Amino acid sequence: MAYEALYTSEKPKNLAQLIGQDHISNALTRALNQDRMSHAYLLVGTRGTGKTSTARILAKAVNCNVVHNSMTDKNFLKADSIPCNKCDACINFKSSPDNIEFDAASNRSVEDVSRLLSTAYLAPLQSRFKTFIIDEVHMLTKEAFNALLKTLEEPPKNVIFILATTESHKVLDT
């Protein structure tokens, strides 16, 4: 059997499994249950605290059929059921064209951001929301961040941005 690091094999699969992040888990559980999602989130923390894992769970949860049905029926779910990881949306999450992960450490330029945002105004193909996870957002150039800012300030109604960074002081204040 090939060696696999613990942090890759034991990633959290729902909000309840975010160890040491109860305040985040509780806030996101309430927001999802009350259908009060924001169009953008900024996740800040030191390396290894679960920012990207939280971003993936949130992106999966906003498109989860079970979460959506519970919001509609006003049946609140507990954190261990968000997302369900059993419905079609959850199972197909990784291959969905509506879930875009972008590494800003490797793709820092205005052209990279423009290419990313070129799909933002298109309707989601398979999901309720198109989610953009931008990891290490502080690595974007000032010009690239300004290109992202217009869409962040006036986003389409079916888009959610989840920005993750280890250095929030390097993210533009706006």
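Which residues does Val-67 touch, not counting those up to four places away in sequence? They are Leu-32, Ala-61, Leu-77, Ser-81, Ile-82 and Pro-83. Contact here means heavy atoms within 4.5 Å. The model is predicted, so local features need pLDDT of at least 70 and side-chain atom pairs count only at pLDDT 80 or more, while totals for chains, interfaces and linings use all residues. Residues are numbered from 1 along each chain as its sequence is written, and side-chain values use heavy atoms, with hydrogens and water left out.

Val-67 is also one of the residues with the most contacts inside the largest nonpolar core. That core has 26 residues. A nonpolar core is a set of buried Ala, Val, Leu, Ile, Met, Phe, Trp, Tyr and Cys residues joined through side-chain atoms within 4.5 Å. Buried means under 20% relative accessible area, exposed means over 50%, and partly exposed lies in between (1.4 Å probe, protein chains only). Two or more core residues come from each of α2 (22–33), β1 (40–44), α3 (51–63), α4 (65–73) and β4 (159–165). Helices (H or I, at least four residues) and strands (E, at least two) are DSSP runs, numbered from the N terminus. The largest share, 6 residues, is from α3. A second, separate core holds 20 residues, including Val-113, Leu-117, Val-159 and Leu-163. In soluble globular proteins, nonpolar side chains tend to be buried together.

Helix α3 has 13 residues. Of the 13 residues in α3, 12 are buried. Among them are Lys-51, Ile-57, Leu-58 and Lys-60. Arg-56, at 29% relative accessibility, is partly exposed.

The whole structure contains 4 salt bridges. A salt bridge is a side-chain nitrogen of Lys or Arg within 4 Å of a carboxyl oxygen of Asp or Glu. One joins Glu-101 to Arg-56, with the closest N and O atoms 2.8 Å apart. Glu-101 lies in strand β2 (residues 99–103) and Arg-56 in helix α3, so the pair ties together parts that are 45 residues apart in sequence. Another salt bridge links Asp-112 and Arg-115 at 3.2 Å. Both residues lie in helix α6 (residues 110–117), 3 residues apart, about one turn of the helix. Asp-112 is buried, at 13% relative accessibility, whereas Arg-115 is exposed, at 55%. Lys-170 and Glu-167 also meet in a salt bridge (2.8 Å, N to O).

Lys-130, in strand β3 (residues 130–135), is buried yet has no salt bridge. Its nearest side chain of opposite charge, Asp-98, is 4.8 Å away. Lys and Arg count as positive and Asp and Glu as negative; His and the chain ends are not counted. The side chain of Lys-130 does reach the backbone oxygen of Leu-122 at 3.2 Å.

The loop between α4 and α5 (88–91) contains Pro-83. The peptide bond from Ile-82 to Pro-83 is cis, with omega near -10°. Lys-74 is found in the loop between α4 and α5, and its phi is near 60°, a positive value in a residue other than glycine. Lys-74 is exposed, at 63% relative accessibility. Asn-85 lies in that loop too, with a positive phi of about 65° although it is not a glycine. Asn-85 is partly exposed, with a relative accessible area of 27%.

Conventions
Polar contact = N/O pair within 3.5 Å; in protein donor to acceptor, adjacent residues only side chain to side chain. Expected span 1.5 Å × (residues − 1).
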